[in-house]
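Dear colleague,

I am passing on the structure that you asked to see, and below it I have set out what was found in it. Please keep it open beside this message while you read.

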Amino acid sequence: HSMSYNNIEKNLPWLINKINEIMKKHKGESGLIHSASYKLSMDIYEGLTPENRKRVLIYNGTEEKRNCIEEIKKNKDKVLLGPSLLEGLDMKDDFSRFQIFAKVPYLSLGDRFVRTKMNINPEWYRWEACLSLCQGVGRIVRNEKDWGITYILDSSFGDLVHFNRKMFPKEFLSRLRVVNE
């Protein structure tokens, strides 16, 4: 289902249901949920089952985020939910075995600078989304012996890959699996 600005409200119940299913599947493991915005983080959190909500750490701002990261590293079966988890996070080994991208991390077109730059160079806008996805995927697999599963729930990812294949590393593309459950 599309999580674009025009479709997200309509598809939010489906998204939350999928996140609940994935979290249940990964009970006992720590993970990440990339939400792309604080609003979407809250919408997801409020829609989680009570059992899943107990596992989730949610933050507002840098200091709270830092505290949540420390807590997830001390306790298994915790899931960190929020925007801005794409860079600077070292969730190696059991710190995170799964992650969910609720939305493809396109930059906000509500930002005048981003919209202007995209109008001048649409490839730049797509490149930023590809780069953010690759950076984000790398948060949970940090060395050659590490492993994790990444779920990308936004159907916009299919178009991003299809029309921008050359922007993704071959190793990234070779590991993709389409799962329709």
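This is a predicted model: local features need pLDDT of at least 70, side-chain atom pairs count only at pLDDT 80 or more; totals for chains, interfaces and linings use all residues.

Residues are numbered from 1 along each chain as its sequence is written, and side-chain values use heavy atoms, with hydrogens and water left out.

Overall form

The protein has eight helices and five strands, and from the N terminus on these elements follow the order α-β-α-α-β-α-β-β-α-α-β-α-α. Here helices (H or I, at least four residues) and strands (E, at least two) are DSSP runs, numbered from the N terminus. The C-alpha trace spans about 45 × 35 × 35 Å along its principal axes. The radius of gyration is 16 Å, which agrees with the value near 16 Å that a compact globule of 181 residues would have; the radius is taken over C-alpha atoms, and the globule rule is 2.2 Å times the number of residues to the power 0.38.

Of the 181 residues, 43% are buried, where buried means under 20% relative accessible area, exposed means over 50%, and partly exposed lies in between (1.4 Å probe, protein chains only). The accessible surface comes to about 10500 Å², and 52% of this belongs to carbon and sulfur atoms; such areas come from the Shrake-Rupley method with a 1.4 Å probe, and for residues only the protein chains shown count as cover. Among the contacts (heavy atoms within 4.5 Å) with a separation of 6 or more, 70% are made by residues 24 or more positions apart.

The paired strands

Which strands pair with strand 1? Strand 1 (residues 31-34) runs parallel to strand 3 (residues 79-82), joined to it by four bridges, and strand 1 also pairs in the parallel sense with strand 4 (residues 98-101), again over four bridges. Two strands are said to pair if DSSP finds at least two bridges between them. Ile33 has a bridge partner in each neighbour, namely Leu81 in strand 3 and Ile100 in strand 4.

Residues in the loops

Two residues other than glycine have a positive phi: that of Ala36 is near 80°, and that of Ser84 is near 60°. Ala36 lies in the loop between strand 1 and helix 2 (38-47) and counts as partly exposed because its relative accessibility is 46%. Ser84 lies in the loop between strand 3 and strand 4 and is partly exposed too, because its relative accessibility is 43%.

Is Ser96 buried or exposed? Ser96 also belongs to the loop between strand 3 and strand 4, but it counts as buried, because its relative accessible area is 0%. Leaving aside residues up to four places away in sequence, Ser96 touches Ser30, Gly31, Leu32, Met91, Ile140 and Trp147.

Glu144, in the loop between helix 6 (122-137) and strand 5 (149-152), is exposed, because its relative accessible area is 75%. Glu144 and Asp159 are 15 residues apart in sequence and 29 Å apart in space, C-alpha to C-alpha. Val179, in the segment after helix 8 (170-174), is exposed with a relative accessible area of 56%; Val179 and Tyr151 are 28 residues apart in sequence, and their C-alpha atoms are 9.3 Å apart in space.
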